[in-house]
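Student: I should like to work through this structure step by step. May we look at it together and begin with a single residue?

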Amino acid sequence: APYGYDKVLKTLVVSEDESPDVVRRIFNLYQKGIGMQTIANILTDGKVRTPAQRQNRKNASSDWHQTTVKLILQNPVYVGDLMAQRTTVAALGSNKRKRQSKEDWVFSKDSHPALISREQYQLVNNLLSGRAFGKTKGKFNLFTNFLYCAHCGTGMYYTHRTYGNHHYVCGRYQKRGKHQCCRNPIREDQLK
């Protein structure tokens, strides 16, 4: 079942835990202009259970991620609609999935209780499409995918400063801030 819902007799019902309130909070924060990574940081700092933790997965992380927030914001299940058969098995016996064309999707309107209004969902998705998510600012360089932070093991981010120094900083620090890790800058010219 999607985050915020439970499946009872093949029907989605609103969960009795905190997850429906978390979904509403995510939509409200994004509508106020707060970005997806900042929302993920707020939820992580507040020790809110992630969808994987709620499902009791063995490899569940306690950190919320930007992509998880984005998937919640884009999912029409939260207005009471159900879209099925968006993906299919890539090949017989394979675990891989391939995306179906929109004509093949099965759509069911008002199939279960909504957590948010259609107006808020539309407003948030209009904001999403207007923002430049997915357009990376990073540049490929000599040490991409080779450097990792000595403290936390996260990949290093390449940064270019206008004053000429090119260096790498901890990716966790870059995304989550100084309470997660330290900057650990490494200059590119020293690496070379």
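Student: What is the place of arginine 118?

Tutor: This is a predicted model, in which local features need pLDDT of at least 70, side-chain atom pairs count only at pLDDT 80 or more, and totals for chains, interfaces and linings use all residues. Residues are numbered from 1 along each chain as its sequence is written, and side-chain values use heavy atoms, with hydrogens and water left out. Helices (H or I, at least four residues) and strands (E, at least two) are DSSP runs numbered from the N terminus. On that basis, arginine 118 belongs to helix 5.

Student: Why does arginine 118 count as partly exposed?

Tutor: Buried means under 20% relative accessible area and exposed over 50%, with partly exposed in between (1.4 Å probe, protein chains only). Arginine 118 is partly exposed because its relative accessibility is 32%.

Student: Which residues is arginine 118 in contact with, leaving aside its neighbours within four places in sequence?

Tutor: Contact means heavy atoms within 4.5 Å. With those neighbours left aside, the contacts of arginine 118 are Val79, Asp81, Lys109 and Asp110.

Student: By what distance are the C-alpha atoms of arginine 118 and valine 106 separated?

Tutor: Along the chain, valine 106 and arginine 118 are 12 residues apart. Their C-alpha atoms are separated by 19 Å.

Student: Turning to helix 1, what span should its 13 residues have?

Tutor: Helix 1 covers residues 19–31. The expected span of a helix is 1.5 Å times one less than its number of residues.

Student: Which elements do the buried residues of helix 1 pack against?

Tutor: The buried residues of helix 1 are Ser19, Pro20, Val22, Val23, Ile26, Phe27, Leu29 and Tyr30. They pack against strand 2, helix 2 (36–45), helix 3 (51–54), helix 4 (66–74) and helix 5 (118–130).

Student: In what sense do strand 1 and strand 2 pair?

Tutor: Two strands pair if DSSP finds at least two bridges between them. Strand 1 (residues 5–8) and strand 2 (residues 11–14) have four bridges, and aspartate 6 stands opposite valine 13 in strand 2. The sense of the pairing is antiparallel.

Student: Which residue takes a positive phi in the hairpin of strand 1 and strand 2?

Tutor: This hairpin has two residues between its strands. The residue with a positive phi, near 50°, is leucine 9.
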